[in-house]
Protein chains: 2
Amino acid sequence: MAIHKKEEFTQKEQDLANFAKAMAHPARIAILKVLAQRNACICGEIVDLLPLAQSTVSQHLKELKSAGLITGSIDGPRSCYCINWKAFEKYNSEFNFLFANLKVKNEKACC
Amino acid sequence: MAIHKKEEFTQKEQDLANFAKAMAHPARIAILKVLAQRNACICGEIVDLLPLAQSTVSQHLKELKSAGLITGSIDGPRSCYCINWKAFEKYNSEFNFLFANLKVKNEKACC
DNA sequence: ATCTTATATCGCAAATATACGATAAGATGA
DNA sequence: TCATCTTATCGTATATTTGCGATATAAGAT
């Protein structure tokens, strides 16, 4: 591959792609679900709910965090995670905007 | 890794993750944009518009097609691609549903 | 001070994704 | 038929992701 070409695209395209990448694993979607269902910051209960090792879950959490979709803070001996609604909503509307933009221009399929 | 654990999650989680994965590259987002802007099925004009080799673009098109986001048909010596609005809308609303589901349960950040 | 508990990180192995050149396949035009 | 043009596929190199066990770290309990 030699060089990645990702940075040759627009910032918007890259941002949206990064957001999508963060969502591109069922484990991470399941984590987001759990975080919301519990209506509170959950630490390692996630580990019990998912069919994955603790280190793997921790890694997925790290990815969600670095993508900005969740926030994490240390609470005594355990870690507390929450969905970052702001960022989530931003990407969601950006995604909808792209979709609406596409939709408006072409309605009839041609092939 | 030995075994992939992806199939241990629910079908909905997997579907949404697969959709996200298809969107998880700026080149593929750019392709979708082009397909919509041209308001018609575009074949290899995409190659001229993207900073990628023809074979690479073809591969991205294949992924979008196998994810069901675009359709393709042969038109003489060239190939014609279109956005599959139906599937796109389905995933979009599924995504929104997940988001709304999350949103309704938790509004105040706790960390 | 030491032990326990919870979590993050490191190191590694395997799988997948990304990218390209070369080549094949299919249709059109000379 | 043969050359050409367009697109798909193959083979290959490299990068990234996924997953786990082992280990480190940090706070609380004994």
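Between chain B and chain A, the count is four residue pairs in polar contact, both residues at pLDDT 80 or more; a polar contact here is a pair of N or O atoms within 3.5 Å, and within protein one must be able to donate a hydrogen and the other to accept it, with residues adjacent in sequence counting only if both atoms are side-chain atoms. This is a predicted model, in which local features need pLDDT of at least 70, side-chain atom pairs count only at pLDDT 80 or more, and totals for chains, interfaces and linings use all residues. Residues are numbered from 1 along each chain as its sequence is written, chains are lettered from A in the order in which they are written, and side-chain values use heavy atoms, with hydrogens and water left out.

Let me stay with the two chains. There are two salt bridges between chain B and chain A, a salt bridge being a side-chain nitrogen of Lys or Arg within 4 Å of a carboxyl oxygen of Asp or Glu. A:Lys33 forms a salt bridge with B:Glu13, with the closest N and O atoms 3.3 Å apart. In contact (heavy atoms within 4.5 Å) are 52 residues of chain B and 52 residues of chain A.
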